[in-house]
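Hi,

Here is the structure I said I'd pass on.

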Amino acid sequence: MSDNNQIITGFDLWHLSLPVVSARDHGIGRVDGTCEVVILRLTSESGETGWGEASPWVVFTGSPEATFAALDRYIRPLVLGRKVAEREKIMLDAERAVAHCTEAKTALDTALLDLAARLSNQPVHALVGGKCRDTIPLSVSLANPDFAQDRALLNRLREDGVRIVKLKTGFRDHDFDLMRLEALALDYPEFVVRVDYNQGLSPEDALARVRDVATFRPDFIEQPVRAPHYDLMAQIREAIVVPLLADESVFGPEDMARAIREGICDGVSIKLMKSGGFARAQTVATMAANQGLGVYGGDMFEAGIAHLAGTHLIAATRAIDLGCEFYQARYYLKEDILETPFPCNGGHVQVPDTPGLGIRPDLDKLNHYNIAKGRGT
Ligand SMILES: [Mg+2]
């Protein structure tokens with residue numbers, strides 16, 4: 001029997017609560033104590049496994065409970081008994097069976113790809129277009145309400161060779177943001193600085209504050225206002241010379257088409273958790289690049305499996321040219337879930353070439369951090 005004709009016989013879920021090293025503030029909300037992700041394992045009849053991760057953030061994409069239920073209750077029956085080779089059809093069925101829940105669909109797509117790639121002894125990037133880069137520049141976000149702790153992180157990043165940071169702004173007062181931008185310019189001149197408001201500015205204050213921040217000439221300024229405020233994004237973009245990036249305003253290709261039509265941004269943050277799968281993420285990236293927009297590989301509060309999925313996506317998508325922010329596994333979680341560390345060296349993520357995603361999760365860690373009740377493993 002050819003490998004991809006194998007039937008999917010196992011569908012297991014873990015709902016993880018993963019301790020983090022500090023509080024982080026963003027324009028739309030805080031993360032403190034733990035972050036929660038859902039892990040999916042598919043098993044084929046030969047016993048091969050494929051893994052996927054859903055990393056929702058309740059104020060951004062949705063809740064872990066909704067993600068778990070989408071997979072457990074509605075997507076599970078669409079997958080069991082199907083052939084691994086039916087990936088596209090399974091994804092279409094999942095899209096039609098559950099509205100939204102893009103993180104759940106990404107976990108499914110990732111697990112199907114990991115399984116198909118392992119069965120055919122190839123890396124995932126070979127199945128989604130082929131590799132166009134071996135390394136990806138890493139950006140680490142600074143979002144600690146205690147800037148002294150972020151200074152300690154900056155010193156560590158400097159040692160590690162990281163040269164891009166993204167300053168999270170708009171969660172406290174404007175002076176705090178300007179103070180940190182000054183400190184970065186003065187004490188950490190070797191870093192490229194990007195700014196992300198995560199929708200944190202009110203419509204009344206947005207233009208004046210973004211103008212102030214633009215005087216520091218950051219690499220780009222991301223999503224200063226709420227996602228639906230396309231008109232305001234377009235106005236701000238007109239008013240500043242620094243590139244304006246859209247994140248929360250653009251989830252899938254439908255949003256990207258509107259964003260291009262209405263001229264709201266000079267670049268876009270691509271996230272598998274927003275797009276609902278690899279094909280849709282690649283479509284958004286290519287639509288943006290075809291208009292001359294910059295494309296950035298963003299992330300959510302993720303563990304290593306989601307980072308690996310994003311790494312294979314970017315490795316195989318020429319349009320994503322502004323690097324990535326897969327830093328949580330190394331710099332934010334107290335302990336990641338992978339068997340070996342997420343591959344990162346000299347400020348760059350290293351693209352794995354071993355079969356599947358390249359690394360599996362550690363089963364002991366999954367069971368240790370699992371908070372799912374009832375079904376699952
Ligand atoms: Mg963002």
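Two things to know before the rest. This is a predicted model, in which local features need pLDDT of at least 70 and side-chain atom pairs count only at pLDDT 80 or more, while totals for chains, interfaces and linings use all residues. Residues are numbered from 1 along each chain as its sequence is written.

Back to V195, which sits in strand β9 (residues 192–196). Helices and strands here are DSSP runs numbered from the N terminus (helices are H or I with at least four residues, strands E with at least two). V195 is buried because 26 other C-beta atoms lie within 10 Å. For that label, 20 or more other C-beta atoms must lie within 10 Å of the residue's own, 12 or fewer make it exposed, and anything in between is partly exposed, with C-beta atoms placed from the backbone. Beyond residues up to four places away in sequence, V195 touches L167, T169, V213, P218, I221 and E222; contact means C-beta atoms, placed from the backbone, within 7 Å.

In β10, E222 stands opposite D196.

Next, helix α7 (residues 203–214). Together with β9 and β10 it makes a right-handed β-α-β unit, meaning that with the strands pointing away from the viewer, the path from the first strand over the helix to the second runs clockwise. Its buried residues are A206, R209, V210 and V213. They cover an arc of only 105° around the axis, so they are on the same side of α7 (the arc is taken from the directions from the helix axis to the C-beta atoms). That buried set packs against α6, β9, β10 and α8 (230–239), while the face turned away carries the exposed residues E204 and A208.

Lastly, E45 is in the loop between β4 (34–44) and β5 (49–54). E45 is partly exposed, with 14 other C-beta atoms within 10 Å.

Cheers

Conventions. Contact = placed C-beta atoms within 7 Å. Pairing = 2+ DSSP bridges.
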